[in-house]
Amino acid sequence: MQKNLKTKTIVILAFLVVSIYGIFGLPHGVSGTALKDALLQRINLGLDLKGGTHLVLQVMVDEAVSSATDSDVGALQADLQQNGVTGAVVSKPDPNRPEVIQISGVSTDHTADASSILNSRYSGNYDITPGVNGTWTMTMKPTAISQIKQSALDKSIDVIRTRIDSFGVKEPTIEPYQLGSYQILVELPGIDDLGRIKDAIQSTARLETHEVMGGPWPDRQTALQAVGGAVPPDAELLESIPGASSEGSTAEWYELKKIPIWGGTDIRDAQPGHNPNTNEPEVDFTLTAAAGDKFGDYTRNNIGKNMAIVLDNRVREVAVIKGVIRDQGNIAGGGITEQYAKDLSMLLRTGALPASIHFLQETTVGPSLGSDSIHQGVVASIAGMLAVMAFMLIYYRGAGVNADLALFLNLVILLGFMGYTGATLTLPGIAGVILTIGMGVDSNVLIFERIREELRAGKSPAAAVDQGFAHAITTIIDTHVTTIVSAAILFIFGTGPVKGFAVTLTFGLIANFFTSVFVSRVIFDALLSRKLHGEPISI
Amino acid sequence: MELFHDVKIDWLGKKWYFLGFSLIFSTAGLISLFFWHGLPLDVDFRGGTVVRVKFAEKPNIDRIRDAADKAGLRDSRITQYGPASNDEVLITLSLKETSEAALDQGRATIVQTLDQNYSTTGPQNQGKLDIDNVSRSALVSWLQQKDPEHLGADSDAAQTRYQQQADAVLHYRDDLHSGLVASVDNLHGLVDPAVFTALQQGAYVSGFHFQGAEIVGAQVGKQLQKQAILATLYSLAGMLVYLWFRFELIYGVAAVIACFHDTLITIGAFSLRNQEISLTVIAAILTLVGYSMNDTIVVFDRIRENLRLSRREPLDSLVNRSINQTLSRTVLTSGLTFLTVLSLYVFGGEVLRGFSFALVIGILIGTYSSIAIAAPMLVAYQDWRAQRGKAAALPAAKKARV
């Protein structure tokens, strides 16, 4: 009995030491500030306690699908052309259904050729349905669509992560947001003023050049009328910034060919620079070799025509092709500042976002708010704990000391768990700790009440303690399991702060099971072993 | 010390009082839900913008509203946040004014208009740095640009030094003074003399501090509502199944009805006080549902144990006896949990106010319902079965007994 007790005591002390290490690590001193620093290093604080910004972003994945079908339209047109199928019109008839492509106008003698091209090269991703009179309808397969959408989400996360890294944010979180479809969760600790970061996240930074087919017109209405009332399927109408075509021009509208000459991923590098003549800030970009070749060919064959440089769907510059341009270019004018040139180069280097990003939710916690919350949480915990401890001492006397020791150990082990697992402590999490104190001491009450009952029935103290623990244990398991299951549901369905609550509640109850059943028992046994047989215990 | 020695209260005899009490509160809650305050939802469920601002002096609500109107925010609601001594205000913009295209437009407008139209220091501070609202990175950049210690604007030494200085200022502002600096002069001694002079010349204090904001588009609000409803349904279903498993169906039904009653009264209380329900409040309610069920199980356990031991005792007196036997444990455990939850309500601050309110009401009502609703329901069921001439015994175990 004595040896058993020793082993058990050692086990308990081991838990205590290990937990304290989990909470503090190895502090460099024992002063208040040294301990506080060590604590904050180990325990991971949530945004609501640390201060920072929490964002939910929506990736407009339909745009990615639309881009994919756009480039397929271009490729198909080129294929048909190369194989001598003239007069074919490839278009996307319905803007609300970007996954549908229509082919029409194929003459009867080319039908076979067209059909074989379609089936051999496009049937992998599309369901091809022939229609009457040389028409076909191609609908992208659902698997292909979801693949595009998923990779748009993944690529967006990568691009956003790279951009945020360049701002030096410490330990940001960027991950898919489980509660919605194709949404991204971003958490930026310590940032309470989004400013430039917001632009960096949202800017698609898609830089392209397009052939200019018509314009400039003063507004969209006039432009629309000039192209015959409706936008042709292979073109788009875009607005330019003031000063795009010449110094002092206003914002105008142009008709541009939809498929760009080069764009997006064709950019290899971008750096902020200065105009050699005017010393004004500009962005110098370099294309990839392949894009450079394509561009070189295009400019060689189209000298004298107009081309437009488009950034994020606004025309930035319209210029006449004067000679062969290969892979160097720049973006200038339009009031670029040094800062803007730096930011834009960074955005172009990290790559364009495959689809645009909409902000769905933004929660900001200022640092003073975080400090206040921690302070209030700690005060509430201490007040609650003292109240409970005092009551146990008054009501259960000697056994109350037992319960209070177990309670204290409970708290230490709970915090130790938090330190070791790196789980995040949020404000509701602190509330969970407080709730654990209250619910935890219930287990002790159960046991002690049963012990009192057994003592009343005339049993000896040792037997009463034994029976007390034995009978109470099933109820303790019951209550703990049901509350932990509740917490599990909250964890699955909840967002950040609620998850923090579920975590501390669960850890607290697990720790409590250990302390109220094992530790309390050991303390009782130790006490009983010092008493004579039958000598009453204080309860 | 012992509070509940040999209690012999006739609980079932008082069941009409209990029923009356429950009816009054449920009806009050329902009336408020349907006809008065409705279901007050917090911004994370209903969408919109909420900006929290702390003022150096008591905030003048009318002037704030004036400032908001000047900025074109017609549909704003300005409420005091927390105790009056906090001098904090919540500025709420409806969902209409929160467009997903420019989600934080409302927030930016509010900060700007307060600066221009409310701040006591006026337009002579155009272009100066507002110490009360500057972020760490902005302060460091400002110091680097001004470079009062002539360390070279872009050098690493400059950056480290100015970061240190900025941290000192922000520690004073945020950790010690809840975000507000009374005057730039108070920073004397916290920073190097050169930096202090630069701040005196180029910075001011606007008298308000932007504490935080929550901006929720319509889509996220709806998503969260769906999550909350799913979580609640799963919890209740899980409970019903668990109780059915452990006891008989009637026990499960009685316990679930008691939990329903608890939830209804709690939500009714929120509606009566016009306290907003957020996701953390739903978490509190679900936790209490679990807690209330535990309580009910304790009573049911004892009823079942007594049924096995004494077959002839009339059900009324058996249930009374069971409740009396478990009273000590029930009141003590609830009381202790209530103590901790009360401490949370009193000391825990405004952010957790809804959460702690739900727990305070919930624990009281949860304990009450195990005794006053669940137990009488068992007896009522058994009486109803007896009236219809069926077997008189309440099912105590899985095996049928006649």
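How many bridges join strand S3(A) to strand S4(A), and in which sense do the two strands run? Three bridges join S3(A) to S4(A), residues 100-104, and the two strands run antiparallel. The model is predicted.

**Four-stranded sheet of chain A**

- S3(A) and S4(A) belong to an open sheet of four strands with the order S3-S4-S6-S5 and antiparallel pairing.
- At the edges lie S3(A), residues 89-91, and S5(A), residues 126-130, each of which pairs on one side only.
- Neighbouring strands of this sheet are turned by 15° against each other on average, direction ignored.

**Strand S15 of chain A and its partners**

- S15(A) covers residues 306-311, and because five of its six residues are buried, this strand is largely enclosed by the rest of the structure.
- S9(A), residues 207-217, is joined to S15(A) by five bridges, and the two run antiparallel. His210(A) is bridged to Ala308(A) in S15(A).
- S15(A) also pairs with S16(A), residues 314-320, in the antiparallel sense over six bridges. Here Val310(A) has Val315(A) in S16(A) as its bridge partner.
- S15(A) and S16(A) form a hairpin with two residues between them. Asp312(A), in the turn, has a positive phi of about 50°.

**Three-stranded sheet of chain A**

- Three strands form an open, antiparallel sheet in the order S13-S14-S17.
- The edge strands are S13(A), residues 267-274, and S17(A), residues 328-331, and each pairs on one side only.
- In this sheet, neighbouring strands are turned by 25° against each other on average, direction ignored.
- S14(A), residues 281-287, and S17(A) run antiparallel and are joined by four bridges. Phe285(A) has its bridge partner, Gly329(A), in S17(A).
- Helix H10(A), residues 338-350, packs on the sheet and touches S13(A) and S14(A). The direction of H10(A) makes about 170° with that of S13(A).

**Helices H13 and H15 of chain A**

- The axes of H13(A), residues 427-456, and H15(A), residues 496-530, come within 8 Å and cross at roughly 25°. An angle under 35 degrees counts as roughly parallel, so H13(A) is roughly parallel to H15(A).
- The crossing of H13(A) past H15(A) is right-handed.
- Residues making the contact include Gly432(A), Thr436(A) and Gly440(A) of H13(A), and Phe501(A), Gly508(A) and Asn512(A) of H15(A).
- By class, this helix contact has 12 nonpolar, 12 polar and no charged residues.

**Contact between chains A and B**

- On chain B, 58 residues are in contact with 59 residues of chain A.
- The elements of chain B that give two or more residues to this side are helices H6 (156-177), H8 (218-246), H10 (279-309) and H11 (315-347), together with strand S6 (208-216).
- H11(B) gives the most, with 12 residues.
- By class, the side of chain B that touches chain A has 28 nonpolar, 23 polar and seven charged residues.
- Strand pairing also crosses between the chains: S18(A), residues 357-365, pairs with S6(B) in the antiparallel sense over five bridges. Gln361(A) has Val216(B) in S6(B) as its bridge partner.

Definitions and conventions:
Residues are numbered from 1 along each chain as its sequence is written. Chains are lettered from A and ligands numbered from 1 in the order in which they are written. This is a predicted model: local features need pLDDT of at least 70, side-chain atom pairs count only at pLDDT 80 or more; totals for chains, interfaces and linings use all residues. Two residues are in contact if their C-beta atoms, placed from the backbone, lie within 7 Å. Ala, Val, Leu, Ile, Met, Phe, Trp, Tyr, Cys and Pro count as nonpolar, Asp, Glu, Lys and Arg as charged, and the others, Gly among them, as polar. Two strands pair if DSSP finds at least two bridges between them. Axes are lines fitted to C-alpha atoms, for helices over the stretch in contact, and angles run from 0 to 180 degrees between N-to-C directions. Angles under 35 degrees count as roughly parallel, over 145 as roughly antiparallel, 65 to 115 as roughly perpendicular and the rest as oblique. A crossing is left-handed if the near helix is turned anticlockwise from the far one by less than a right angle, and right-handed if clockwise. A residue is buried if 20 or more other C-beta atoms lie within 10 Å of its own, exposed if 12 or fewer, and partly exposed in between; C-beta atoms are placed from the backbone.
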